[in-house]
Amino acid sequence: MLLADLAKLAGVESPQDGSARITGFAIDNRKVAPGNVFGAFPGTRVNGEDYIPAAVAGGAVAVIARPSARVEGALHIPADEPRRAFALLAAQFYRPVPENVVAVTGTNGKTSTAEMTRQIWRMLGLRSASIGTLGVTTADESISTGLTTPDIATFLATMTGLAREGVSHVAYEASSHGLSQYRNEGIEVAAGAFTNLSRDHLDYHRDMDDYFAAKMRLFSEVVSEDGSAVIWIDDKWGKLAKAVAMARGLKPFTVGEEGDGIRLIARKPTPLGQDLKIVHGGRAYAIRLPLIGAYQVANALVAAGLTLVTGSDPARVFDAVARLQPVRGRLERAAIAASGAPVYVDYAHTPDALSAAIAALRPHVSGRLITVFGAGGDRDKGKRAPMGEAAAAGSDLVIVTDDNPRGENAAAIRAEVLAGAPNAQEIGDRRLAIAAAIGDARSGDIVLVAGKGHEQGQIVGSGDTMQVLPFDDVTVARECAAGLGSEAGR
Ligand SMILES: CC(=O)N[C@H]1[C@@H](OP(=O)(O)OP(=O)(O)OC[C@H]2O[C@@H](n3ccc(=O)[nH]c3=O)[C@H](O)[C@@H]2O)O[C@H](CO)[C@@H](O)[C@@H]1O[C@H](C)C(=O)N[C@@H](C)C(=O)N[C@H](CCC(=O)O)C(=O)O
Ligand SMILES: Nc1ncnc2c1ncn2[C@@H]1O[C@H](COP(=O)(O)OP(=O)(O)OP(=O)(O)O)[C@@H](O)[C@H]1O
Ligand SMILES: N[C@H](CCC[C@H](N)C(=O)O)C(=O)O
Ligand SMILES: [Mg+2]
C-alpha cells in the first residue's frame, strides 16, 4: 500500500512524497524491516527519537515523530501526538480486523472479564478470541505477548491475523498504560466495559484522578461513537464512568445490585459455586455459576453485558454463564494438602484484589485462612503496606514472601509490606513460604497463594542483569502438597 493512500484514509497530514510502498510498521528500531514506517516516541526510559538514524539504516522509509525531531534519509511525518498519528496510520494498513471488537478496562478483573466474554461467545457458536495478560487466546491455543496490552504494531497485526483465521469476535484488555500510550487505536470498538477502580500503578499515574482519566480514554475516545458502555455500577467509580460514557453519547448498560442492564438480585454461595438471581430486560433468570467469589460474579455479569450489547440472545447468554470455565490463576484450586486443606492460587496484586480473593474464600473456611503473598518490585510502592493490611485483616495467618522483586532489594519490599501486617511471618523464598503454609495447614483450613496467578517466572534484577527464574505457583503448590517443597530455590 502507498504511504499517500494510508495517510489519506487515516486523516493524517499527507507527507510531501507519498509514493513509498509501505511494508509494515515498527516502534522499535530493532524490529524495523525495509519499507517500514517507524514511530519515534519519547518514552519513560529512553527517547525513541534517538533511534531514528538506526531505524532509517534498517530500511525505514518514513518516520512519525514530533515536529522538532530530526529525520534524515526518510520522510518525516510530523505529529504533535506521534503515538496517536502512528496508530491511526497503522490501523489503515492492518486490515481486515474482526467485525465485533469489545474492550475491558478497570483495576481488577480485566483479564477475567475479557476471557469470560470470549468463552460466552464461543459457547454461542461464534469464532472468538481474547487479548490480554494471558496472551492471545482462541479456541485452539493461547500465545503470550508479554504485556497486557501489547504495543500498537503487535496489537493491530494480531487483530488482522485473527480476522484472517476467521475470528469474528474479540474481547481485549485495555490497561491504563496501554490507553495512555495509544496502544490500541484506530479500529471500531463496539463496546467498552469498566469493572472497578482502586489503588494500583500510582508510580506511573500522578494520583487516582489521573489514573481514572487514563482509563476513561476508553469511553471518551476509543469506543466507537455509537457504541455501548458496560459498567459495574456497584463500584464507587462506576457512576463517574457512566457520566463520562453519557457525555460522549455512548449507550450505558449498568450491571450490579444497582444495575439497569443486568440487576443482581441475590447471590448465594454453594460448595462448588454460587446461585444467582438476576433481572435483564424485565425478565428474571436463575443462574448456577460454577465459580466461587463475589468478584467472579461481577466479572461474569459484565462479560454477559458485553455479549448482550453486541447482539447476543439473552437466554443463550445466561445459559452460557452457567457453563463458564475457571480462568487460569484466578481462584484456581491448585492442590489439596495432605491435611485435606485446599490450596488456591490467585492473581491478587492490589489491596482491593487481596480483599476480594480473601472474601471469596472466607465462606468456605471452617478453620483458618492462611495467606501467602508479596509485592512486585519497580511497581507502585504505596500499595505495599495497604496490601499487608488487607491480607492481615482477612486472614488468620499471613506469610509475606517475594513476588518479582525486579530491580529492587527483596527484603526492603517485604519490610514495606510487613509495615501493614506486623504480625505476619516473613519467608523470602517463595517455594519455602508456600511449603510452610501447606505444611502448617490443618483440615478445615484454606491456603491462598496470591500475586502471581498464571505467571511462569520470578523476575529478579533489571536491565542487563534481569533474569526470569522459572516459577509457577500452581506447580509449586502441587509439589509442596506432595511433600516435595522444602528445598529452597529448586
Ligand atoms: C512504562 C511502560 O508502560 N513502558 C512500556 C512502553 O515503554 P516506553 O514507551 O516508555 O518506552 P521506552 O523503553 O522508554 O522507549 C521509548 C521508545 O524507544 C523505542 N526504542 C527503545 C530502545 C531501542 O533500542 N530502540 C527503540 O526503538 C521503544 O520501542 C519506544 O517506542 O512501551 C514499550 C513498548 O510497547 C513497552 O515495552 C514498555 O513496557 C514496559 C516493559 C513495562 O513493564 N510495562 C508495564 C508497566 C505495562 O505496560 N503494564 C501494563 C499492565 C498493567 C496492568 O494490567 O495492570 C500492560 O499493559 O502490560
Ligand atoms: N471484579 C473484581 N473486583 C475485585 N477484585 C477482582 C475482580 N476481578 C478480579 N479481581 C482480583 O484481581 C485479580 C486479577 O484479576 P484479573 O487478572 O482478571 O485482573 P486484571 O485487571 O486483568 O489485572 P492486571 O491489571 O494485572 O492485568 C484476581 O485474581 C482477583 O484477586
Ligand atoms: N500487570 C501487573 C502485574 C503484577 C503482577 C505481580 N506479580 C507483580 O509483579 O507485581 C503489573 O505489571 O503491575
Ligand atoms: Mg490483566
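**View 1. The span of residues 329–453 in the predicted model.** Helices (H or I, at least four residues) and strands (E, at least two) are DSSP runs, numbered from the N terminus. An unreviewed UniProt entry gives residues 329–453 as "domain: Mur ligase C-terminal"; UniProt positions follow the numbering used here, feature names are shortened, and annotations may be inferred rather than shown by experiment. Residues are numbered from 1 along each chain as its sequence is written, while chains are lettered from A and ligands numbered from 1 in the order in which they are written. This is a predicted model, in which local features need pLDDT of at least 70 and side-chain atom pairs count only at pLDDT 80 or more, whereas totals for chains, interfaces and linings use all residues.

**View 2. The contact between domain 2 and domain 3.** The domain assignment, automatic or from a database, gives domain 1 (3–92), domain 2 (100–321) and domain 3 (332–481). The C-alpha centres of domain 2 and domain 3 are 27 Å apart. Domain 2 puts 14 residues into the contact and domain 3 puts in 16 residues, where contact requires C-beta atoms, placed from the backbone, within 7 Å. On the domain 2 side there are six nonpolar, five polar and three charged residues. Here Ala, Val, Leu, Ile, Met, Phe, Trp, Tyr, Cys and Pro count as nonpolar, Asp, Glu, Lys and Arg as charged, and the others, Gly among them, as polar.

**View 3. The shell around ligand 1.** Ligand 1 is surrounded by 19 residues, counted when the C-beta atom, placed from the backbone, lies within 6 Å of the ligand. Gly43, Arg45, Gly48, Asp151 and Ser175 are the closest. By class, the shell has five nonpolar, ten polar and four charged residues. Ligand 1 lies between domain 1 and domain 2 because both give residues to the shell.

**View 4. Lys215 in helix 7.** Helix 7 spans residues 208–222 and contains Lys215. The unreviewed UniProt entry annotates Lys215 as "modified residue: N6-carboxylysine". Lys215 counts as buried because it has 24 C-beta neighbours inside 10 Å; the cut-offs are 20 or more other C-beta atoms within 10 Å for buried, 12 or fewer for exposed, and partly exposed in between, with C-beta atoms placed from the backbone. Beyond its neighbours within four places in sequence, Lys215 is in contact with Thr105, Ser176, Leu179 and Leu197.

Notes. Contact = placed C-beta atoms within 7 Å.
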